[in-house]
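Subject: Structure for your files

Hello,

Please find below the sequence and structure we talked about. My notes on it follow.

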Amino acid sequence: MPETLVVRRETHISAPPAAVFALLTDPEKILRWMGTEADVEPEPGGLYLVNVTGARFARGSFREVVPVHRLVYSFGWDDSEIVPPASSLVEIDLIEQPDGTLLRLTHSGLPNAEQCAGHAEGWAHYLDRLAEVAAGRDPGPDPWHGRTG
C-alpha cells in the first residue's frame with residue numbers, strides 16, 4: 001500500500017494518558033467531543049460504532065486495546081461503498097509526556113487520495129475538539145453536526 005494513502009496526525013493534549021484514553025473509550029465521554037451516539041466495547045473483537053455527525057455512522061471493531069496506551073480498531077462508514085464498515089484501520093498511541101500526552105494517530109487502508117484528504121480533515125477537526133475537552137474546556141456545538149460527507 002502506498003505510504004501516501006496513510007493519514008498521520010500527532011497532537012499534544014494537556015491531560016494524562018488515562019484521561020485521554022477514557023475520552024476515546026467511554027461512550028458518554030466520546031460524546032463530549034464527537035458524535036451524537038456511541039456504542040463502543042473497547043476489547044479485542046468489541047464493537048466500535050459512533051454516529052459522528054448525527055447523520056453518519058462510523059463502524060468497525062477493536063483489534064487491540066492496551067489500557068491508557070494504545071487502541072487499534074477497524075473503521076468505515078455505514079452505507080458507503082468507498083469506505084465501507086471495517087475497511088480501514090485506525091491506530092492511536094498515547095505517549096506520556098511531562099506536560100500531558102502526545103496522541104499519535106495513524107489511519108491506513110483508505111482507498112484513494114481524496115478519502116485520505118477528507119479523513120485527515122476530519123481527524124484534525126475532532127482531535128482539536130478532543131484536546132479542548134481533555135484540557136477542561138467546552139469545545140461548543142460541533143459545526144459539522146448534520147454533515148453527511
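A residue is called buried here if its relative accessible area is under 20%, taken with a 1.4 Å probe. By that cut-off, 46% of the 149 residues of the protein are buried. Please keep in mind that this is a predicted model.

Overall form. The C-alpha trace spans about 40 × 30 × 25 Å along its principal axes. The exposed surface comes to about 7300 Å², with 51% supplied by carbon and sulfur atoms. Of the contacts between residues at least 6 apart in sequence, 43% join residues that are at least 24 apart.

Elements. There are 3 helices and 7 strands, and along the sequence they follow the pattern β-α-α-β-β-β-β-β-β-α.

The sheet. The 7 strands make an open, antiparallel sheet in the order β1-β7-β6-β5-β4-β3-β2. β1 (7-13) and β2 are the edge strands; each has a single partner, so one side of each has no neighbour in the sheet. From one strand to the next the twist averages 20 degrees.

Two of the strand pairs in more detail:

- β5 (residues 70-75) and β6 (residues 88-97) are antiparallel and share 6 bridges. In this pair Arg70 stands opposite Asp93 of β6.
- β2 (residues 37-40) and β3 (residues 47-51) are also antiparallel, joined by 4 bridges. Asp39 has Leu49 in β3 as its bridge partner. The hairpin of β2 and β3 has 6 residues between the strands, and Gly45 takes a positive phi near 90 degrees there.

The helices on the sheet. Which strands does helix α1 touch? Helix α1 (residues 17-25) packs on the sheet and touches β1, β2, β4 (57-66), β5, β6 and β7 (100-108). Its direction makes about 155 degrees with that of β6. Helix α3 (residues 113-134) lies across β1, β5, β6 and β7 and runs at about 10 degrees to β1.

The record. An unreviewed UniProt entry annotates residues 15-134 as "domain: Activator of Hsp90 ATPase homologue 1/2-like C-terminal". In the model, that span is 29% helix and 37% strand, and its end C-alpha atoms lie 6 Å apart.

Regards

Note on methods: Residues are numbered from 1 along each chain as its sequence is written. This is a predicted model: local features need pLDDT of at least 70, side-chain atom pairs count only at pLDDT 80 or more; totals for chains, interfaces and linings use all residues. Side-chain values use heavy atoms; hydrogens and water are left out. Two strands pair if DSSP finds at least two bridges between them. UniProt positions are given in the numbering used here, feature names are shortened, and annotations may be inferred rather than shown by experiment. Axes are lines fitted to C-alpha atoms, for helices over the stretch in contact, and angles run from 0 to 180 degrees between N-to-C directions. Contact means heavy atoms within 4.5 Å. Buried means under 20% relative accessible area, exposed over 50%, partly exposed in between (1.4 Å probe, protein chains only). Accessible areas come from the Shrake-Rupley method with a 1.4 Å probe; for residues, only the protein chains shown count as cover.
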